[in-house]
Amino acid sequence: MRSVTYSMGVSLDGYFVGPDGGFNWTTPSDEVFRHSIAEIKEVGVHLLGRRLYETMLYWETAEQDTFDDLRLEWAGLWNPLPKVVFSSTLSSVQGQARLASGSLAEEIARLRAEPGEGSIALGGATLAAEAAALDLIDEYLVRVFPVLLGGGRPFFPQGERRVDLELVDTRTFESGVVHLRHRVLR
């Protein structure tokens, strides 16, 4: 059965966006970017909320002749990747994306039942919080950036249930970013 993964950058104090709504502090070094490329190679389909979908449209609309080799490789993997967008405000999406036709739980159940390679990746904190509340996330892939934001939107929803995790992998990058991969214990 395909696993559901949630991957995101987070500040050391636990926020994925700062008090100003920005996330420019998550700009990855080339080493971290290469790790993200390796990570996306393991994904079979990506589920996104509207805000992340709109942010990631950059890769499909930007002039790729301005990209370096790493960005070209990322775009070459990201653009053809099947995507499911959860939105109550969008009426259409572009590229290899489709709007979700069911609830998050229904979409994940359907995708898990389909034959296919790669994980079902989640993107967007609101969508991930819903998946976490429904106990649908199998692995958390967290890149902890060496910055304290002092506030903003928390990476993990507050007031949710306890979730026991097993550390599967860790890596420290020269930039000080630490990658942590935890599996949910069931």
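Leaving aside its neighbours within four places in sequence, which residues is His-46 in contact with? In this predicted model, where local features need pLDDT of at least 70 and side-chain atom pairs count only at pLDDT 80 or more, totals for chains, interfaces and linings use all residues. Residues are numbered from 1 along each chain as its sequence is written, and side-chain values use heavy atoms, with hydrogens and water left out.

His-46 lies in strand S3, where helices (H or I, at least four residues) and strands (E, at least two) are DSSP runs numbered from the N terminus. Contact here means heavy atoms within 4.5 Å, and beyond its sequence neighbours His-46 is in contact with Ile-40, Trp-78, Leu-81, Pro-82, Lys-83, Val-84, Ala-121, Leu-122 and Gly-123. At 9% relative accessibility, His-46 counts as buried, a class that means under 20% relative accessible area, with exposed over 50% and partly exposed in between (1.4 Å probe, protein chains only).

Helix H4, residues 69–78, has Leu-70, Arg-71, Trp-74, Ala-75 and Trp-78 as its buried residues. They cover an arc of only 130° around the axis, which puts them on the same side of H4, the arc being that of the directions from the helix axis to the C-beta atoms. An α-helix has 3.6 residues a turn, so residues three or four places apart point the same way. The buried residues of H4 pack against helix H1 (30–40), strand S3 (43–49), helix H2 (50–56), helix H3 (58–61) and strand S4 (83–86). At the start of H4, a side-chain oxygen of Asp-68 comes to within 3.2 Å of the backbone nitrogen of Leu-70.

Two packed helices are described by the angle between their axes and the distance between the axes. The axes of H1 and H4 come within 10 Å and cross at roughly 20°, where axes are lines fitted to C-alpha atoms, for helices over the stretch in contact, and angles run from 0 to 180 degrees between N-to-C directions. H1 and H4 are therefore roughly parallel to each other, since angles under 35 degrees count as roughly parallel, over 145 as roughly antiparallel, 65 to 115 as roughly perpendicular and the rest as oblique. On the H1 side, Asp-30, Phe-33, Arg-34, Ser-36, Ile-37 and Ile-40 meet Leu-70, Arg-71, Glu-73, Trp-74, Leu-77 and Trp-78 in H4.

The C-alpha atoms of Arg-112 and Arg-2 are separated by 5.3 Å, although the two residues are 110 apart along the chain. Apart from neighbours within four places in sequence, Arg-112 is in contact with Met-1, Arg-2, Ser-3, Val-4, Ile-120, Leu-136 and Asp-138. A polar atom of the Arg-112 side chain lies 3.3 Å from the backbone oxygen of Leu-136.

In helix H6, residues 125–133, the buried residues are Ala-125, Leu-127, Ala-128, Ala-131 and Ala-132. They cover an arc of only 160° around the axis, which puts them on the same side of H6. Just after H6, Asp-135 takes a positive phi of about 60°. Asp-135 lies in the loop between H6 and strand S7 (139–145) and, at 35% relative accessibility, counts as partly exposed. Not counting residues up to four places away in sequence, Asp-135 touches Arg-161, Val-184 and Arg-186.

Note on methods. A polar contact is a pair of N or O atoms within 3.5 Å; within protein, one must be able to donate a hydrogen and the other to accept it, and residues adjacent in sequence count only if both atoms are side-chain atoms.
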